[in-house]
Amino acid sequence: MLPDFATTAQQTYPTQMAHFNELLKNGQLSHLYLFVGSSQSTRLAFSRYLAWQVVGATDRNALRINENEHPDVHLVAPKEGGATLKVAQVRDLTPEFVTTTLESPKKVFILDAVETMTASAANSLLKFIEEPAGPQLILLLTNNLQDVLPTIQSRAQIVHLNPEISLVDANGIDDNWQKNTQMLLFKWFELMMQRKIEAFAYVQTTLISQITTDLQQKMFMKWLRQLARDMVIYCATADENLMFPSLIGFYKTLAKHYHVRQLVHAAEAIFADDKLRKINISLQARLEKMALEVTIALGE
């Protein structure tokens with residue numbers, strides 16, 4: 001039976017879980033990741049799952065990881081009632097960063113809410129990131145990439161943890177709606193990426209009337225995030241790893257016209273919708289703002 005954190009990770013991020021399992025299997029795991037996810041509980045569950053796979057996927061290790069008692073897995077987060085990740089908390093990890101493992105192939109460090117980290121705390125962490133004492137996996141977690149210090153972002157592999165709609169929920173939506181809506185989404189995405197003014201009108205005249213339920217909205221935003229991911233990683237991954245391989249020709253055109261920095265900023269404008277959704281801004285306003293932000297990002 002899977003531990004709760006593994007079940008949560010599997011249900012919430014099945015595609016990314018499979019991807020990281022493949023990296024683990026092939027020994028291709030990087031030593032430093034920055035996970036961006038709006039839900040603290042699910043991003044922690046995903047991180048604990050990776051730690052469990054690294055140190056040994058046994059029942060005993062699952063229990064110790066869940067209770068933060070494994071000698072080779074260290075989780076740090078803002079203390080209860082605190083607003084930031086303190087420099088003292090990072091410095092307290094110094095003995096662990098500079099010593100070898102006790103039981104496992106490598107040590108795992110999980111630091112949550114790194115967007116709250118002070119410059120002093122970040123500088124302390126960077127010393128260990130740049131010169132690891134031994135085999136380590138460092139997982140930095142945040143709910144807002146834009147607030148993470150650039151010195152941290154530049155050294156980590158950034159991964160957006162995007163919750164996926166379960167098959168049970170997806171089966172509640174008509175197949176024709178899915179096909180038609182994806183075609184409309186592709187058209188709107190193309191208009192945005194071409195920086196055309198028609199992208200703003202398209203939201204009101206076409207998209208809003210097509211997306212009428214919460215579940216439809218979730219699926220639409222899921223597809224949009226997958227499109228953003230595809231356009232950024234297109235040049236660095238195999239075609240079979242793309243969510244929408246039928247758009248390879250379009251991704252290729254984008255790669256020719258824009259610098260990767262512009263595409264990354266455009267993707268960040270799309271992922272920023274998670275924050276707007278939390279404060280109950282209407283879907284139309286969010287999509288119109290997104291179209292504007294993407295246009296600005298691509299013009300940088």
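Two strands pair if DSSP finds at least two bridges between them. I keep that in mind while reading this model, which is predicted.

Entry 1, strand 3 and its neighbours. I looked up strand 4 (residues 136–142) and found it joined to strand 3 by 5 bridges. The two strands run parallel. I noted one partner by name: isoleucine 110 has leucine 139 in strand 4 as its bridge partner. I then followed the chain from strand 3 to strand 4 and passed through helix 7 (residues 119–130). This β-α-β crossover is right-handed.

I also checked strand 2 (residues 73–76), which is joined to strand 3 by 4 bridges. These strands run parallel as well. Here histidine 74 has phenylalanine 109 of strand 3 as its bridge partner.

Entry 2, burial of strand 3. Are the residues of strand 3 (residues 107–111) buried or exposed? I found 5 of the 5 buried, so strand 3 is largely enclosed by the rest of the structure. In a regular strand the side chains alternate between the two faces of the sheet. I sorted the residues by direction: Lys107, Phe109 and Leu111 point one way, while Val108 and Ile110 point the other way.

Which residues of helix 13 (residues 248–257) are buried? I listed Phe250, Tyr251 and Leu254. They lie on the same side of helix 13 because they cover an arc of only 100 degrees around the axis. An α-helix has 3.6 residues a turn, so residues three or four places apart point the same way. I looked up what covers the buried residues of helix 13, and this includes helix 10 (175–193), helix 12 (214–233) and helix 14 (260–271).

Conventions: Residues are numbered from 1 along each chain as its sequence is written. This is a predicted model: local features need pLDDT of at least 70, side-chain atom pairs count only at pLDDT 80 or more; totals for chains, interfaces and linings use all residues. Side-chain values use heavy atoms; hydrogens and water are left out. Buried means under 20% relative accessible area, exposed over 50%, partly exposed in between (1.4 Å probe, protein chains only). The arc is that of the directions from the helix axis to the C-beta atoms. Contact means heavy atoms within 4.5 Å. A crossover is right-handed if, with the strands pointing away from the viewer, the path from the first strand over the helix to the second runs clockwise.
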